[in-house]
Amino acid sequence: MAARATLHCLTGCAIGEILGMVIGTALGWGNMATMVLAIVLAFFFGYSLTLRSILKAGVDFRTALRVAFAADTLSIAVMELIDNGVIALWPGAMDATLADTLFWGALAISLAVAFVVTTPVNKWMIGRGKGHAVVHQYHH
């Protein structure tokens with residue numbers, strides 16, 4: 001269950017992260033502005049995917065939003081910290097362009113590392129009835 005929850009989180013984060021990095025890099029923004037955009041979009045898409053599934057279960061918007069925030073905030077935050085930390089520390093990754101293999105390779109590896117680190121966080125939260133354990137209450 002923790003791996004599935006992390007994969008769900010990774011999907012939203014990856015959409016936002018990749019979109020933010022591509023937009024910022026394509027527009028020639030600085031590293032900080034690009035990273036901030038990527039993080040904001042990662043949270044947006046991460047929450048959106050959870051929100052969508054909870055709303056499909058017939059839950060009202062306000063409750064679904066609270067559940068999404070409670071379920072995903074720590075997971076997305078850890079994922080973004082690790083993902084962006086890897087990219088920031090990888091020599092040359094922040095200065096790579098969209099045409100560089102380094103850009104795409106560092107991004108892919110950073111997301112993979114974030115998945116590995118975030119899975120135990122989700123396992124811990126699920127074990128305490130938090131995180132995606134809360135979301136699963138609305139799927140039954």
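Contact, on this tour, means heavy atoms within 4.5 Å. With that in hand, select Ala42 and show what surrounds it. Not counting residues up to four places away in sequence, Ala42 touches Gly12, Cys13, Gly16, Glu17, Ile76 and Glu80.

Before going on, a word about what is on the screen. This is a predicted model, where local features need pLDDT of at least 70, side-chain atom pairs count only at pLDDT 80 or more, and totals for chains, interfaces and linings use all residues. Residues are numbered from 1 along each chain as its sequence is written, and side-chain values use heavy atoms, with hydrogens and water left out.

**Stop 1**

Helices here are DSSP runs (H or I, at least four residues; strands are E, at least two), numbered from the N terminus. Is Ala42 buried or exposed? Ala42 counts as buried because its relative accessibility is 0%; buried means under 20% relative accessible area, exposed over 50%, and partly exposed in between (1.4 Å probe, protein chains only). Now draw a distance from Ala42 to Cys13: the C-alpha atoms are separated by 4.1 Å, although the two residues are 29 apart along the chain.

Move to Val40, also a residue of helix H2. Val40 has a relative accessible area of 49%, so it is partly exposed.

**Stop 2: the largest nonpolar core**

Select Cys9, Leu10, Cys13, Ala14, Ala42, Phe43, Tyr47, Ile76, Met79, Leu111 and Ala114 together: these 11 residues are the largest nonpolar core. Such a core is a set of buried Ala, Val, Leu, Ile, Met, Phe, Trp, Tyr and Cys residues joined through side-chain atoms within 4.5 Å. Colour by helix, and two or more of these residues come from each of H1 (2-26), H2 (31-56), H3 (61-89) and H4 (101-127). Which helix gives the most to this core? That is H1, with 4 residues.

Another core lies apart from this one, with 10 residues that include Met35, Ile87, Met94 and Ala106.

**Stop 3: along H4**

Click on Ala114 and look across to its contacts: leaving aside neighbours within four places in sequence, they are Met79, Ile82 and Asp83. At 33% relative accessibility, Val117 counts as partly exposed.

Where does H4 bend? Look at Thr118, where the bend is about 30°, with a proline, Pro120, following within four residues. A bend at a residue is the angle between axes fitted to the seven residues ending there and the seven starting there. The buried residues of H4 include Phe103, Ser110, Thr118, Asn122 and Ile126. After H4 comes Gly129, with a positive phi near 75°.

**Stop 4: H3 and Gly85**

Select H3, whose 29 residues reach 39 Å from first C-alpha to last, close to the 42 Å expected at 1.5 Å a residue. H3 bends by about 45° at Asp72. Further along, find Gly85 in H3; its relative accessible area is 25%, so Gly85 is partly exposed. Gly85 and Ser110 are 25 residues apart in sequence and 8.1 Å apart in space, C-alpha to C-alpha.

**Stop 5**

Go back to H2 and select Thr34. Thr34 is buried, with a relative accessible area of 3%. Beyond neighbours within four places in sequence, Thr34 is in contact with Gly20, Met21, Gly24, Thr25 and Trp29.

Thr25 leads to the last selection. The largest pocket holds about 170 Å³ of space, and of its 17 lining residues the closest to the centre are Thr25, Ala93, Met94, Ala96 and Phe103. A pocket is an open set of points on a 1 Å grid over the protein atoms alone, where a 1.4 Å probe fits, with protein on both sides within 12 Å along at least five of seven lines; lining residues have an atom within 4 Å of a point. Points are joined across faces, edges and corners, and the volume is the space filled by probe spheres set on them. H4 supplies the largest share of the lining, 4 residues.

Conventions:
Expected span 1.5 Å × (residues − 1).
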